[in-house]
Amino acid sequence: MSEMNKAKLSGKTTIREIFETATEFEKVAHRFYTALIPNVSKDIRWLVEELAEEELEHVDLFTKLAKDPAVEAVMVAEIARPVADGKFSDCVQTPDLGPNPDDQAVLQYALMRESAAMDQYTELAESTPVGPLKDAFVFLANEETKHKAELEKIYYEVVHSGGV
Amino acid sequence: MFNFKPDRTQYPAADADGKLEIDLETGKYLKLWQGPNHPGITGNMSVELTVCGDEVVEGKTHVGYLHRGFEKLMERRTFIQVFPIVCRVCVPEPDFNEYCYAAAVEDLAGIEVPEYATWMRTLILEMGRFNSYMMFLGGIGGALGLGITGQWMTYVRDLMLDRFEELTGARIYHMFILPGGVRGHLPEGFEARMEEVLSTAERYLDDIDKVMFSNSVFKTRTKGVGVIDPKLFEPYGVTGPNARAGGVAKDLRKDSPYLVYDQLDFEVATATDSDIFARATVRRGDVQTSIDLIRQILRKMPKDGPAMARIPNVLHWKIPRGETYIKGECSRGEYGYYLVTDGTGYPRRINVRGPSYTHAMALLEHLIPGTNISDVAALMVSLHTYPPEIER
Amino acid sequence: MKDVDDKFLKNIETEFPLREELRPRRVTTPDGQEIEIEPLKDYFCEAAPKVHPKAYIPIVEDFYNWARANSLWILGFGTGCGAIEMRPLMTPRFDAYRYGIQWRPTPRQANLLMISGYLSVKTLKRAIRAYEQMQGPKYVVGLGSCTINGGMYWDSYNTIKRLDQYLPVDLYIAGCMPRPEALLAGFMELKKLIKAGKGEGANKYAENFATYKANQKSVIKDWDMPDYNW
Amino acid sequence: MEMRHLHALLKQRHSLGQLEPKGGKLAFVTVPRENLRGLLTELRDVHGFTHLVLLTAVDWMEDGLFQLTYMLNNRGRDMTLGIRVMLDRQEAQGDSIHDLWPTAATYQRELKEMFGIDFPGSPRIDEEFILEGWTDLPPYRRDFDSLAYSQQTYAERPGRVTHDPREYMKSKLYPDGV
Amino acid sequence: MGLREVLTPFTVWKHVFDEPVTIKNPIGRPAADRYRGFHQNDMASCIGCGTCEAICQNAAIDMVPVDGIETRTGDSGLRPQIDYGRCCWCALCVDVCMTGSLTMSNEYTWVDTDPDAFRFVPGLEEPWKDDEEGYEREGKRVLSGIERIHMEEMPPETRISNFEEIVDGYSRAEAILEADRCVECGLCVATCPAHMSIPDYIAAVRDQDYDRGLEILYETNPFSEVCGRVCTHKCETSCAALHEGDPIAIRWLKRHIVDEVPFDRRLELIGKPAAPTGRKVAIIGAGPAGLTAAFDLARAGHGVVVFEALSHAGGMMRYGIPEYRLPYEALDRDIGVIEAMGVEIRTNCRVGRDVTMDALRRDYDSVILAIGLNMGRSTRVPGTEGPGVEKAVDLLRRITDGEEVPVPERLVVIGGGNVAMDIARSMARLQMQKYGRVGVTLTALEDIDHFLADREEIVESREEGVQIFDARGPQEVVRDESGAVTGLRTWRVKSIFDADGRFAPAYDEGDEQIHEGTMVIEAIGQMADTSLLEEALTEALEWNRGRIRIDGAFRTSEPWLFAAGDAVKGPDVINAVADGHRVARTVMDELAAREVMQ
């Protein structure tokens with residue numbers, strides 16, 4: 001997520017708008033991974049496919065929430081269980097994906113994206129006064145953190161697998 | 001060589017293979033079976049009596065009612081699996097089997113038993129001997145119609161069984177002495193509870209002296225009855241109290257000390273008359289010895305220490321080829337296990353040498369002719385035989 | 001299946017002939033008469049046991065059962081090792097007499113046969129005789145593992161494995177051997193059974209007499225007694 | 001030492017085999033059948049071995065032999081001597097010593113019944129002793145299989161099933177063996 | 001007869017006033033604390049090993065399945081059922097119980113009219129289930145050995161300066177004693193990936209019948225000499241003996257058998273392969289999976305050619321495992337037996353370079369892919385690019401090949417698995433030879449309890465002077481201005497797994513450390529080099545999360561291609577051996593099926 005994205009979000013005034021924008025970001029990510037699929041070797045295609053799939057799930061979730069009248073309640077309930085980031089940073093790199101990236105590179109890239117998104121939502125939340133908007137950012141930061149944690153698990157399995 | 005044949009001048013002569021020419025159809029003689037239906041301590045064996053009036057002309061012993069084929073079963077079991085079944089060989093005094101078997105296995109396998117275990121074994125054996133004598137003293141009175149001795153002695157024996165129970169975990173078949181050592185240590189406060197039993201026993205024995213040994217009826221019925229000529233002891237393999245009643249002061253605890261008997265002070269009881277009364281008095285003396293020994297052992301035995309030696313994994317314990325004979329002085333005489341191994345995980349042969357084998361068969365058959373029917377039971381009891389160890 | 005060396009196989013007919021005194025023969029009585037006797041038939045009744053019918057009026061039967069339950073007279077026949085735990089019951093410490101239980105020296109006076117553990121074939125023969133001589137209604141109690149499924153003599157060539165094949169067993173008491181207290185508990189249970197009219201062992205024996213006899217004869221090779229001795 | 005001394009003394013006369021001591025007070029020795037009687041008599045009458053502890057047999061089926069063990073004991077000196085006599089297992093026959101020790105008759109009756117070893121002349125040798133109505137092989141012989149006989153003759157209570165842990169785990173975890 | 005004798009007996013009438021000794025209510029009188037009453041079994045700690053059944057001389061115990069108890073590693077799922085028509089209450093089953101789960105209550109009353117009722121599974125519903133009193137054995141079990149027989153090893157100060165084998169191996173006497181401890185329950189067989197007949201070959205050691213032992217080994221494992229040294233011995237984690245004492249040293253006993261049989265005798269015992277079938281199979285990769293498959297196939301008479309890219313056969317067994325753990329001669333002997341079956345091993349022949357997959361497909365009836373995981377993973381933290389950072393597998397390979405490798409005075413290893421230990425200890429030896437002292441630091445993400453390395457590897461590493469820093473997350477390889485490596489910066493890992501045991505690391509940024517060293521060796525994981533498949537085949541094959549998809553019988557989606565070993569499963573020699581057998585069996589079945597079709 002770039003500074004530009006951040007600027008886009010900080011201008012929003014309703015929860016619905018925030019979710020719609022966030023949905024847009026997820027859609028962009030989904031398109032990115034989908035485009036990457038044919039570029040990677042077949043043996044690691046499952047990984048990119050999974051990433052695309054998960055972005056799509058976020059799209060669905062956010063779209064649904066944006067329409068949900070009880071969105072605030074849902075969010076409050078969700079953020080009552082804050083997700084802590086473990087800062088598993090050895091894999092949060094920004095590798096040059098190049099034309100034919102390997103599995104580790106893809107994972108690290110994805111982790112970087114999630115990590116950056118998480119950071120930005122967190123920052124936005126901190127700079128927003130208490131209220132539904134802040135809750136929305138905290139919620140989003142939470143979601144990205146969860147997502148990152150899932151990726152970390154895959155990363156450990158893939159990269160540290162042979163560590164016998 | 002010896003003249004062991006009883007006086008048969010008044011009765012028909014026996015032919016070459018020992019059969020009497022008695023024609024039951026003359027009406028002069030009657031065949032009478034004593035046992036096996038018999039609840040007394042002579043147990044499940046029978047004597048086929050031929051009587052003329054109330055006098056017994058001939059007695060043939062019949063055993064095998066309790067035959068379970070132990071010596072065969074032991075060959076089918078591994079060395080540890082034999083351990084639970086040996087005690088069943090002799091019901092009233094099972095511990096001797098456990099000791100002899102364990103010692104035989106240890107001898108052939110070259111296992112050194114910890115000191116604590118040898119003391120414990122001695123204790124168990126003396127407790128077992130005490131119980132066995134309780135059965136005898138109760139039985140000998142019972143056989144002569146003196147019911148109270150049986151009542152008292154069974155009660156005292158039961159108190160001792162309580163001690164057995166708390167020490168070994170069982171009343172009758174203790175299964176406590178196993179190859180390599182014993183299964184446990186003395187429970188807390190055991191000595192005091194044992195002392196209580198022993199002093200109770202002494203009190204009751206005192207009464208037994210009054211009610212039985214000083215009883216003129218008992219004396220009359222037993223003195224001079226069932227006399228075994230000491231000359232017969234060797235040829236008939238008479239050992240233990242039966243021999244001691246005839247003045248032969250032999251006791252393996254003294255003559256061939258095993259376990260810790262060489263560290264204990266005791267005298268063996270003897271008598272000279274070799275009749276039923278003498279045999280009863282010897283046992284009366286022996287009970288006192290046992291009581292003293294139990295006290296001594298509890299005083300002298302180490303307070304703690306390992307109960308078991310390190311033994312090979314019992315599931316596939318093989319013992320090199322060899323043979324040995326382990327003996328000890330049980331309440332009835334020399335008890336021994338003859339163990340032959342052949343290098344496999346199973347005994348090649350185990351032979352149990354129980355004193356009843358010699359006492360209750362050939363010897364009894366020799367003693368019976370000429371006695372009164374009513375004395376046969378007392379005679380059998382006085383030899384103190386346990387049928388299960390005859391036929392095993 | 002095991003191999004059998006024929007050399008040692010004995011023919012039952014020739015090797016175990018009926019004992020001389022049991023054979024039919026002519027004898028001279030003490031008063032000089034010559035008579036034919038056939039001991040197995042003359043001394044015993046050939047009639048097979050019969051089922052003992054219940055009393056016509058239930059309350060009478062209940063009364064009978066109550067009476068039966070309260071006079072268990074045990075035949076003093078120690079058939080195996082468990083007999084040693086019966087002695088304490090006969091003496092004051094456990095005192096079974098207070099429960100109406102006592103020991104009798106002859107089968108004619110007893111109605112309860114305790115099979116105290118394993119039964120060698122040789123003793124089985126005597127136990128059957130003793131049981132059949134007892135007066136009905138009579139009961140059998142099996143002590144310990146051996147009567148249930150062979151116990152520790154499960155591979156012995158000389159002991160039976162299941163008592164219920166040879167005698168009608170009313171009750172089993174587990175243990176090796178059962179303690180006097182367990183025996184007493186067993187007696188109390190037996191009393192309950194009898195009171196409830198369920199102590200039907202003797203009738204079962206009568207009903208299935210042929211089966212019991214066949215089982216008995218399959219292990220007692222030298223059968224030299226009448227089929228039913230009462 | 002004493003045992004060795006005794007062995008040296010008797011060795012030539014009775015063609016004794018090697019002495020096999022077990023500790024100081026027990027030893028075993030083998031003697032040919034024809035020398036047995038002489039040896040036993042001398043041990044009893046001269047050397048104080050007056051106590052016949054036991055007489056039994058060991059079946060060495062693989063070698064075609066029965067071993068008779070006569071355990072003699074000198075009670076005064078606490079010495080026990082196990083005398084072994086090897087008999088041919090076929091038509092096994094021993095020599096009765098019931099006239100030396102009357103009690104031996106009982107042992108010999110048992111050996112006849114349980115091993116099928118005959119002792120001609122021994123009292124009541126052919127009478128049934130422990131068994132009654134026995135029709136099979138003498139049960140203490142090694143070729144008699146107690147369990148098989150028991151299963152053939154007596155009915156076990158049915159309904160018991162057991163599982164071998166190893167095979168059971170295989171059937172549960174890797175049924176096709178891989 | 002005096003008057004006295006007549007009167008004395010009457011004096012005992014004084015007892016008429018005594019308190020009666022009768023017990024008021026004897027029924028149910030509590031038995032002594034140690035009384036051996038009815039059985040109890042702690043279902044949770046029982047492992048169903050059946051030792052109780054084995055020792056019962058009355059055949060009173062059956063092992064039966066019980067509802068709610070699952071069969072799993074180290075637990076057969078069976079539980080003892082006791083027949084009180086057989087039991088004699090000797091409690092040998094209690095004494096021999098491997099876990100101490102079987103005990104006895106002091107309950108003794110059980111009366112029933114039904115003789116079939118006296119059977120029960122203790123620990124289910126019996127009324128005395130929770131009774132505290134009753135017989136328990138004193139202390140630990142004494143009927144089978146508790147402690148493992150000590151294995152002699154070279155002391156650290158001797159072994160650190162060379163690559164000689166550390167472990168001495170058991171002497172015959174020691175092996176017999178150790179083998180004696182085994183109770184032959186067979187729980188280990190299911191755990192062993194190759195399902196070796198462990199109790200049987202341990203019995204062979206006990207009987208000193210090494211020929212039989214070797215034959216048993218070769219039924220399931222042609223790499224017994226290798227496995228006898230370096231197997232991860234998962235079997236020992238399911239050994240019944242470990243519940244009260246040490247597990248049986250299964251691995252060392254296996255090694256002992258092979259040690260006792262001379263090589264020529266081994267060849268004799270294995271015998272000759274079956275008559276040639278005329279079928280040919282190509283195997284790619286001469287590692288444990290490939291060679292095991294080769295052995296099985298060759299023994300069955302098939303022509304087998306193994307293609308190996310490196311100069312020697314053995315794969316990771318040779319290039320991954322250092323000599324001090326597995327001497328090359330030992331490996332050579334195992335491979336020698338396989339070659340004696342007629343297997344042709346073409347070394348220095350890389351598929352994709354020297355021969356194409358297409359050619360193999362054309363020239364052989366089947367092709368087995370057993371390429372293993374031979375490429376090291378990198379953490380790719382900043383600074384890992386460039387000189388001074390090495391991958392463990394590459395270094396180990398070079399050491400094995402006898403190449404000169406850079407040996408700095410201080411170095412840092414990243415990783416907590418066996419490979420990390422191997423490289424750390426190998427480099428320590430080289431440092432010792434070069435500088436006379438060891439300067440190896442080992443860091444790993446996992447805390448020491450979660451290290452994937454074998455316990456003894458960790459212990460021995462420490463003995464040899466390797467400094468282990470556990471729970472350190474690498475952040476950066478620190479380099480000076482010239483770009484030369486000066487160390488590794490790490491953060492402390494607060495926790496690495498969540499409650500479910502899944503990876504969920506948490507770092508403590510405040511706890512930063514720089515581990516000095518002029519070289520960083522990464523030993524975090526390996527991956528397969530599947531480039532030999534080339535694009536078309538890669539596209540044609542089905543994949544499963546980065547690995548070639550295989551079915552239960554090791555078939556890939558291409559009918560002529562099979563895959564086995566670390567590349568498709570994981571991750572040690574014994575698993576690879578197991579895979580080798582299985583894939584060989586599939587290939588043989590397929591070949592036979594094709595035979596029938598034609």
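Modeller: Let's start with one pair: Ile61(E) has Ile82(E), in β3(E), as its bridge partner. Keep in mind that this is a predicted model.

Biologist: Okay, which strand pairs with β3(E) there, and in what sense?

Modeller: Strands count as paired once DSSP finds at least two bridges between them. Here strand β2 of chain E, residues 61-65, runs antiparallel to β3(E), with five bridges between them.

Biologist: And what joins β3(E) to strand β6 of chain E?

Modeller: Two bridges do, again in an antiparallel arrangement, with β6(E) covering residues 119-120. Asp83(E) is bridged to Arg119(E) in β6(E).

Biologist: How do I read burial along β3(E): which residues point which way?

Modeller: A residue is called buried if 20 or more other C-beta atoms lie within 10 Å of its own. In β3(E), residues 78-83, six of six residues are buried. Leu78(E), Pro80(E) and Ile82(E) point one way, while Arg79(E), Gln81(E) and Asp83(E) point the other way.

Biologist: Now the chain contact. How many residues does each of chains E and C bring?

Modeller: Interface size is often quoted as the accessible area lost when the parts come together. Here we have residue counts: 25 from chain E and 29 from chain C. On the chain E side, 15 are nonpolar, six polar and four charged.

Biologist: Which strands of chains C and E pair?

Modeller: Strand β7 of chain C (residues 171-173) pairs with strand β5 of chain E (residues 111-112), antiparallel, over two bridges. Look for Ile173(C), which sits opposite Val111(E) in β5(E).

Notes
Residues numbered from 1 in each chain as written. Chains lettered and ligands numbered in written order. Predicted model: local features only at pLDDT ≥ 70, side-chain atom pairs only at ≥ 80, totals over all residues. Contact = placed C-beta atoms within 7 Å. Nonpolar A, V, L, I, M, F, W, Y, C, P; charged D, E, K, R; others polar. Helix = DSSP H or I, 4+ residues; strand = E, 2+ residues; numbered from the N terminus. Buried ≥ 20, exposed ≤ 12 C-beta atoms within 10 Å, placed from the backbone.
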